[in-house]
Every structure is written in structure tokens, then in C-alpha cells.
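Hello,

Here is the structure I said I would pass on. My notes follow it.

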Amino acid sequence: MRFQDAAPDARHAVYAAIQADPLVARVAGLLAAATYPQRLLARAVMNGESTDAATWRTMFPTVLGPGSPDRDRAEAVLAGALEVAARGEEVRSQLRGAIVESLAEILVARRSGTAAVRRERRILFDGVRTEIHPYDLTVESPGREEAWDCKWGARGINDDVLNQLDDARRHAAAEERGLRAGLVVFDLRASCAVRLAERTGPKAGLLLVTLESLDVLAGMKVVAG
Amino acid sequence: MSNNGTPPTSRGAALAVALGALEALALVAETVADEWTYVSRLTASGRARLARAAGPAPETPLAEERASAVVAAAAEAGRVNDPHRAIDWLSTFPAVVELAMTAPAGIAAPSEGATDEGAASRDAAGTSPGA
């Protein structure tokens, strides 16, 4: 098993520009340190119609109201999410995807170290035809390899993704290597459960990290309130 | 919003507002024919989440700022006309209402166990990649 950069193509060039947007790094950085309610706020705003902050402050009194802890960060999350929402529909969608990937990268790097975490990489196995699509995120520490696909919403979970992740895991096992493969979904666990239940693709052994549990990527235990 | 245009004052009335918004969202979302099953199941999941958030005693008073939050969330859901965005909102909306109705001020957490992240595969459930 070895990792390889994905061959640059037109999609790669467009997406690289999106990933390089400073707004992506700013929002991802804020979300990496955010709480579950702050992340839920970000998801709602980036998916919402309203672009005035007052509406969202009314909707999230326990996050943005007087006396809310870490209110400055919550306000910064709100401001960043509103900037994303203000973009056109297509750009907004691209930015959201890039933010989830960047957020996952930041969190995984806290556990694995920055040098081990790579983006847009393919995984090659002996005697196996290479997948065309790269993995969004890989961890390439010898003996602790991981492959992650990142999704803005549960709806993005499809059988192709499930098959690709499962293939990687099985091919690694055939080479007597361990590979942890999973999905990072910036959506609610319950919605992912609904989506996965209707998919026929392989799910056994799949790691699933959702909006409620993102901090496990950084190796942190998530404490339910 | 209740029938007379004022924010709901009880958890049961707030639940009615939220359920109405959820059903309206579902009507928009289900126009995506390929996703009808997903939308249907997501709506059912959302109903259950909202009911849990409201609690077993519908007559229990709800603080004004929480009631206003539910009304604001329902209004935002009502602004969604795009069916694809409606599907995303069907997922998000119940959790937003849950947060508004159940979270201690500023110290909010989901009612569903955050550590139990394996939605479909018990093999993956609760498996932290950092473990």
C-alpha cells in the first residue's frame, strides 16, 4: 500500500482555488475550536436563507445570547458563516465542502501531526486498479494509516463512497496492513443514520464522525451533555 | 407562531409550531423525486427529535427567548423554497429547535449521545480514530 498525489485535472484546478480562499481557512479554524452548538449554528447559517445576524441571534439564544460562554467565538463563527452564505449558491456549496475538509485536516493534524496529514491523495495497492477519485484526507504515518472522505451533509453519503472506502480497507487488509477508513460528515448523526440505512453499500468497519463528534478526529473524547 | 400571532408560551405550543414548519419543509423537499424515501425517513426522524425536545408535559411553560427562537427557526424554514436546500434543512431544523428548547443557556449539548457516532454500523459505533 502506498499513497500518491492525485493527477491534476480541471476539477483539481478549480477546487484548489476554492480551498485557497482565505475564508475557508478562517471559518475552519474557528470551527476547529468550536463547541457542538457553535458548529450547529455554522451549519444552519451556511445552509440558511437569512443573511442578517439578528435573525440568527434570535434563533440561537443559548449560543449567542447574553451570558453565553465563549460568545466572542460564537459571534466570529456567525460572521464567517454569514460570509459563506452571502456567496452565490454554487460558490457557497464549494466553500462549504472545502471548509469541512479543512476542518477535518486541522483536527486530524492535532492527533497525527501536520506532516502525516495529506489532502487529495490516492492509495495504490499491488495488483489493484487504482481508484480514479482521490481521498479527501489521508493520514500517512507508517502503521497508522487512515483514509477519510468529507461531506457537508448526510445526503452526500452514497454507495460509491461507501464502496471506495471499503475497497481501500479490504485491499489494505489483503496486504496485511491496517487502514482506518471513514466519513467525516458536517451533519447530524441521526440524519447520517437515516441516510446509511437506505444505502446498500458496505458499512461494516466504516468510521463515522458527525457534527456531534468531530473532536474525536483530534483524539479527544466527546462529552455528551 | 400560534394562531393569534403571538409566540407560543408552552412547550406543546412550540412543538406544534416546529412540527408545522417541519411538514412544510418536507413538502418542498419531497419534490426531489430521487430522494423521496430519504426525505420521508428524515421527516419521521425529525418529528421524533422534536417530540423528545418538547418533553412529556406539553403544558410546561417555555421561556420567551426560547419560544422566540423556535418561531425564528420555523420562519427560517419557511423561507426555504429550493428543494435541495430544504433537504439539508430537514436535517438541521430539528436540532436547532432541540437546542433552543433544551439547552442550558450557553452550555448546550445534543440530547443524543455524541459518543455513539456509529449510525449504521455497530462496528464503527463509538470507535474513535484517536483511540
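How far apart are the centres of domain 1 of chain A and domain 2 of chain A? Taken over C-alpha atoms, the separation is 25 Å. Please keep in mind that this is a predicted model.

The domain assignment gives domain 1 of chain A as 2-7 + 113-218, and domain 2 of chain A as 10-94.

On the contact between them: 11 residues of domain 1 of chain A touch 13 residues of domain 2 of chain A. The two domains bury about 1,100 Å² between them, and 56% of that area is on carbon and sulfur atoms.

The count of salt bridges between domain 1 of chain A and domain 2 of chain A is 2. By class, the side of domain 1 of chain A that touches domain 2 of chain A has 5 nonpolar, 5 charged and 1 polar residues. There are also 4 residue pairs in polar contact between the two domains, with both residues at pLDDT 80 or more. As for side chains, R39(A) and D215(A) form a salt bridge, with 2.9 Å from N to O.

I also looked at helix α2 of chain A, residues 22-32. Its buried residues are L23(A), V24(A), V27(A), A28(A), L30(A), L31(A) and A32(A). The cover over these buried residues of α2(A) includes α1 (10-19), α3 (36-46), α6 (71-85) and α7 (89-112) of chain A. At the N-terminal end of α2(A), the cap is D21(A): one of its side-chain oxygens lies 2.9 Å from the backbone nitrogen of L23(A).

Regards

Methods
Residues are numbered from 1 along each chain as its sequence is written. Chains are lettered from A and ligands numbered from 1 in the order in which they are written. This is a predicted model: local features need pLDDT of at least 70, side-chain atom pairs count only at pLDDT 80 or more; totals for chains, interfaces and linings use all residues. Side-chain values use heavy atoms; hydrogens and water are left out. Domain bounds come from an automatic or database domain assignment. Contact means heavy atoms within 4.5 Å. Buried area is the accessible area (1.4 Å probe) that two parts lose on being put together, summed over both. A salt bridge is a side-chain nitrogen of Lys or Arg within 4 Å of a carboxyl oxygen of Asp or Glu. A polar contact is a pair of N or O atoms within 3.5 Å; within protein, one must be able to donate a hydrogen and the other to accept it, and residues adjacent in sequence count only if both atoms are side-chain atoms. Ala, Val, Leu, Ile, Met, Phe, Trp, Tyr, Cys and Pro count as nonpolar, Asp, Glu, Lys and Arg as charged, and the others, Gly among them, as polar. Buried means under 20% relative accessible area, exposed over 50%, partly exposed in between (1.4 Å probe, protein chains only). Helices (H or I, at least four residues) and strands (E, at least two) are DSSP runs, numbered from the N terminus.
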